[in-house]
Amino acid sequence: LVSDLDAIRSTILEERMNPLGLDPARFVVAVDDARGGQLLGFGQLKPWATLSDRPPGDPLGAAVRALGLKPNWKGDLLELSSLVVAKERRGEGIGSLLLDRLVRDATEGDTGGDTGGEGRADGGPRTAGREVTLCLLTLRSTVPFYQSRAGFKVIEKHADIPRPLQAERAVGNVVAALVARDECVAMVLDGGDGGAVMVTRERCDKTGGALVM
């Protein structure tokens, strides 16, 4: 996957998406084995830190606790992002395969890669029975794809968007209006309990991997 990073970064920039936080270990890629492993599409899961859970003595954690800021989500917070399919291969179901794999990885217990202190407070893997809030930011025009393919729902109230994503969504709104004449919206995987889903089992493998087409 490290070898694909330059192509991923280039495609992200071409699509005018957020180029930050591109850890190759967190990506799932789709490749065409018949064409020498040509990159067809990709997506990643980004874990977000729960700052109020940082240990005593950590200045950032202490500041967040002093302000009384508690997480406005349940369990671990993951963002499904950077989901792109090569333009010439769209409409073949590749995006659906990537989305399905990423959702399964999110709800089966491991995001892969080095979280750098993100995700669970102690840096360990998520275990079976733990709640996960899986969110994404997308254009209003692509909402039906995520609704029909995976059961995501739009978060209508700004205050209900997980706090780490609120600023990114605000910037995304400006970019979407200028570039696509669209709106950036936040969505959450509908687990029937405030958006949280349960981790079904602990995974021992990495999320990052390849789907061979």
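**Exercise 1. Describe the largest pocket and its lining.**

Solution. About 1100 Å³ of space lies in the largest pocket, a pocket being an open set of points on a 1 Å grid over the protein atoms alone, where a 1.4 Å probe fits, with protein on both sides within 12 Å along at least five of seven lines; the volume is the space filled by probe spheres set on the points. This is a predicted model, in which local features need pLDDT of at least 70 and side-chain atom pairs count only at pLDDT 80 or more, while totals for chains, interfaces and linings use all residues. Residues are numbered from 1 along each chain, and side-chain values use heavy atoms, without hydrogens and water.

Next, take the lining, whose residues have an atom within 4 Å of a point: there are 39 residues, and Met 17, Leu 83, Leu 137, Thr 138 and Leu 139 lie nearest the centre. Strand S3 (76-85) gives the largest share, 7 residues. By class, 18 lining residues are nonpolar, 11 polar and 10 charged.

**Exercise 2. Determine which residues of helix H1 are buried and what they pack against.**

Solution. Begin with accessibility, where buried means under 20% relative accessible area and exposed over 50% (1.4 Å probe, protein chains only). In H1 (residues 5-14), Leu 5, Ile 8 and Ile 12 are buried. Seen down the helix axis, these residues fall within an arc of 60°, so they line one face of H1. The face turned away from them carries the exposed residues Asp 6, Leu 13 and Glu 14. Finally, the buried residues pack against strands S1 (27-32), S2 (38-48) and S3 (76-85), with contact meaning heavy atoms within 4.5 Å.

Methods
Helices (H or I, at least four residues) and strands (E, at least two) are DSSP runs, numbered from the N terminus. The arc is that of the directions from the helix axis to the C-beta atoms. Ala, Val, Leu, Ile, Met, Phe, Trp, Tyr, Cys and Pro count as nonpolar, Asp, Glu, Lys and Arg as charged, and the others, Gly among them, as polar.
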